[in-house]
Amino acid sequence: MAKYPLIKTTLKDRLLGGHYAEGLPLPSEPQLAREFDVSRMTARRAIDELEREGYVYRVQGAGTFPTGKRFRQGMFRVRPFKEWARHPDHRTTVLRAMQIEATPEIAIVLQIQPGDPVIFVHRLRTAGDEALVIEKRYINGTLVPGLLDHNLSTESIHETMISLGVPLQRVEQNLEAVNLRQEEADLLRVPLGTAAFLLRRTTYSGQKRASYVNYWVRGDRYAFQDTFEP
């Protein structure tokens, strides 16, 4: 895994936390490269993605500036996989499912050690002929060593983990609008830069992070809704 996602996540947390004052530039690409011990090109890629997602903007000759905080609002629920799979027109294709060694970046996300076993699952959900949702999931491999023996094109990963003796008690999730990169645009068969939802979800088993997943969701085919007491 490339190093730029960790830089991007760190900078995004700083931007959302008000670490960088509005109206003042962020550290330059050379400064970020030195801070994170990466090449200038890697630092630039992290900034490019933050700009694409609307967190920063560039002024030629002046630097990169924060666009202002994004507000966190409300809560939302996502339809369980078993409800999705129940529909006769819905399909889930497993693009990749394998055990890998945790990179330093994934180790930070799952709060494990680099080199620890991680199960990586890459799936694509379709309805009829339309590709709708891309899933990239990283799972703490020490918790569910038998997960890859299951049919992940039809089975809920969360329910399978529970059946393997891993209780799942808490979920943290974040939803934001993004413009699709080439890889995701190709899988969803839409033009590069098409608007979509990006749902990031971390699932806990006790105090341990059991699973981290990114979903890219077609913005022209999905709407999120919820009902709650005011």
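Helices here are DSSP runs of H or I with at least four residues, strands are runs of E with at least two, and both are numbered from the N terminus. Asp 37 belongs to the loop between H2 and H3. With a relative accessible area of 62%, Asp 37 is exposed. The term exposed stands for over 50% relative accessible area, buried for under 20%, and partly exposed for values in between (1.4 Å probe, protein chains only).

Arg 189 likewise has a positive phi of about 55 degrees without being a glycine. Arg 189 is located in the loop between H7 and strand E7 (195–205), and at 54% relative accessibility it counts as exposed.

## Basis and overall architecture

This is a predicted model, in which local features need pLDDT of at least 70 and side-chain atom pairs count only at pLDDT 80 or more, while totals for chains, interfaces and linings use all residues. Residues are numbered from 1 along each chain as its sequence is written, and side-chain values use heavy atoms, with hydrogens and water left out.

The secondary structure of the protein consists of seven helices and eight strands. Of its 230 residues, 40% count as buried. Among contacts (heavy atoms within 4.5 Å) between residues at least 6 apart in sequence, 59% join residues at least 24 apart.

A nonpolar core is a set of buried Ala, Val, Leu, Ile, Met, Phe, Trp, Tyr and Cys residues joined through side-chain atoms within 4.5 Å. The largest such core has 15 residues, of which Leu 11, Leu 15, Leu 26, Ile 47, Leu 50 and Val 56 touch the most other members. Helix H1 (4–16), helix H2 (29–36) and helix H3 (40–52) each supply at least two residues of this core. In soluble globular proteins, nonpolar side chains tend to be buried together.

Which residues of H2 are buried? They are Glu 29, Leu 32 and Ala 33. Seen down the axis of H2, these buried residues fall within an arc of 105 degrees, so they line one face of the helix; the arc is that of the directions from the helix axis to the C-beta atoms. The buried residues of H2 pack against H1, H3 and strand E1 (56–59).

## Salt bridges

The structure holds 15 salt bridges, each defined as a side-chain nitrogen of Lys or Arg within 4 Å of a carboxyl oxygen of Asp or Glu. Side chains of opposite charge can pair when their charged atoms come close. Lys 8 is buried at 7% relative accessible area, and Glu 49 is buried at 6%.

Glu 49 also forms a salt bridge with Arg 181, the closest N and O atoms being 3.2 Å apart. This pair links distant parts of the chain, 132 residues apart, with Arg 181 in the loop between strand E6 (170–179) and helix H7 (182–188). Arg 181 counts as partly exposed at 25% relative accessibility.

A further salt bridge connects the side chains of Glu 51 and Arg 58 (2.6 Å, N to O). Glu 51 is partly exposed at 32% relative accessibility, and Arg 58 is partly exposed at 31%. Glu 51 and Arg 58 belong to a network of salt bridges that also includes Glu 29, Arg 40, Arg 44 and Asp 48.
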